[in-house]
Every structure is written in C-alpha cells, then in structure tokens.
Amino acid sequence: MFDNLNWWEIGGLLLLALLIFGDRLPAVISDGLRMVRNLRNMARSATTDLSRELGTDIQLEDLHPKAFIRKHLLSEEDEQAIRKPLQGVYDNLRADVTGVHNELKDVASAADVRSKGTRPGTATGGAPAPAPRVSYDDAT
C-alpha cells in the first residue's frame with residue numbers, strides 16, 4: 001500500500017496527522033480501524049449470502065467479473081471451446097518468436113569477438129596494429 005513512500009514521507013504524514021488531530025488522534029485511529037473491520041465483515045457476510053444463494057463456494061476474489069464468469073458460469077468444455085481457436089494462433093506466434101530469438105542468438109554469437117580466441121585481423125590474438133597515418137607531406 002505504501003510502496004512508493006519512504007520513511008521520511010510516512011513520518012511527515014504522521015506528524016501532519018498529529019498536528020491536525022492533536023489529542024483526538026488515538027480516537028480517530030480507533031474509529032478508522034473499526035470502520036475497516038466493519039467493511040471487512042460486511043464483505044464477508046455478502047460473499048456468504050451470495051454463495052448460499054448460488055449454491056457454490058464463493059471467495060471475495062471470485063467477485064471479479066472475469067473470475068466469476070470463468071469459475072461459476074462456464075463449464076470446462078465451454079472454456080476449452082472459447083480457447084481452441086486462439087490456441088493455434090498462440091502456438092504459431094510462439095514458434096515464430098522462438099525462431100526469431102534463436103536466429104538472433106546465432107547472429108549475436110557469430111558477431112561476438114570475445115567468444116572466439118582471436119580478434120579479426122590479427123594472427124597472434126593481440127591488439128590489432130594501428131593503421132599507418134597519412135601525412136600531407138607524403139602526398140605533395
């Protein structure tokens with residue numbers, strides 16, 4: 001929840017809360033915790049009522065529309081019938097991407113001079129000889 005806040009920012013927020021609420025801060029914190037507890041109990045009772053009405057076991061995570069449809073309205077055969085046309089496309093795309101990845105690895109390993117024992121243009125494997133410098137005096 002507070003992944004993007006560092007300790008200084010959290011301390012600043014606590015100091016700000018202390019300045020705003022003053023002596024009432026413990027009462028405000030307890031009221032907030034009571035509210036969260038009541039909301040959690042309401043959600044739990046709603047899921048038990050819904051699971052009792054539908055005759056299946058429903059968790060709070062199952063109330064997401066996609067998860068609810070996948071788990072409670074579609075049978076496994078229906079889900080497979082929906083997935084079957086897309087599975088072939090997925091397999092072909094995966095094979096193509098794997099082929100491109102392998103070709104790129106082959107090209108990279110062929111172009112990588114560190115994997116070979118010598119560098120191109122040298123017979124001893126040392127540093128290549130510098131090219132001779134052209135002087136304007138030689139050209140005139």
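The model is predicted, so local features need pLDDT of at least 70 and side-chain atom pairs count only at pLDDT 80 or more, while totals for chains, interfaces and linings use all residues. Residues are numbered from 1 along each chain as its sequence is written, and side-chain values use heavy atoms, with hydrogens and water left out.

The protein chain has five helices and zero strands, where helices (H or I, at least four residues) and strands (E, at least two) are DSSP runs numbered from the N terminus. Along the sequence the pattern reads α-α-α-α-α. Of the 140 residues of the protein chain, 6% are buried; buried means under 20% relative accessible area, exposed over 50%, and partly exposed in between (1.4 Å probe, protein chains only). The accessible surface comes to about 12,900 Å², and carbon and sulfur atoms hold 61% of that area. Such areas come from the Shrake-Rupley method with a 1.4 Å probe, and for residues only the protein chains shown count as cover. Among contacts in the protein chain with a separation of 6 or more, 0% join residues 24 or more positions apart, a contact being heavy atoms within 4.5 Å.

Helix 2 (residues 25–54) has 30 residues and spans 43 Å from its first C-alpha to its last, close to the expected 44 Å. The expected span is 1.5 Å times one less than the number of residues. L25, T47 and S51 are buried in helix 2, and the cover over the buried residues of this helix includes helix 1. Just after helix 2, G55 takes a positive phi of about 80 degrees.

L13, L16, I20, F21 and V28 form a nonpolar patch with about 420 Å² of accessible area together. Patches are made of residues with over 30% relative accessible area and no salt bridge; like charges are joined within 9 Å, and nonpolar side chains (Val, Leu, Ile, Met, Phe, Trp, Tyr) within 5 Å. A salt bridge is a side-chain nitrogen of Lys or Arg within 4 Å of a carboxyl oxygen of Asp or Glu. Helix 1 (residues 7–21) gives the largest share of the patch, four residues, whereas V28 lies in helix 2. V28 counts as partly exposed because its relative accessibility is 31%.

Helix 4 (residues 76–111) has 36 residues and reaches 49 Å from first C-alpha to last, close to the 52 Å expected at 1.5 Å a residue. Helix 4 bends by about 40 degrees at K84, and a proline, P85, follows within four residues. The bend at a residue is the angle between axes fitted to the seven residues ending there and the seven starting there. One of the 36 residues of helix 4 is buried, so this helix lies largely in the open.
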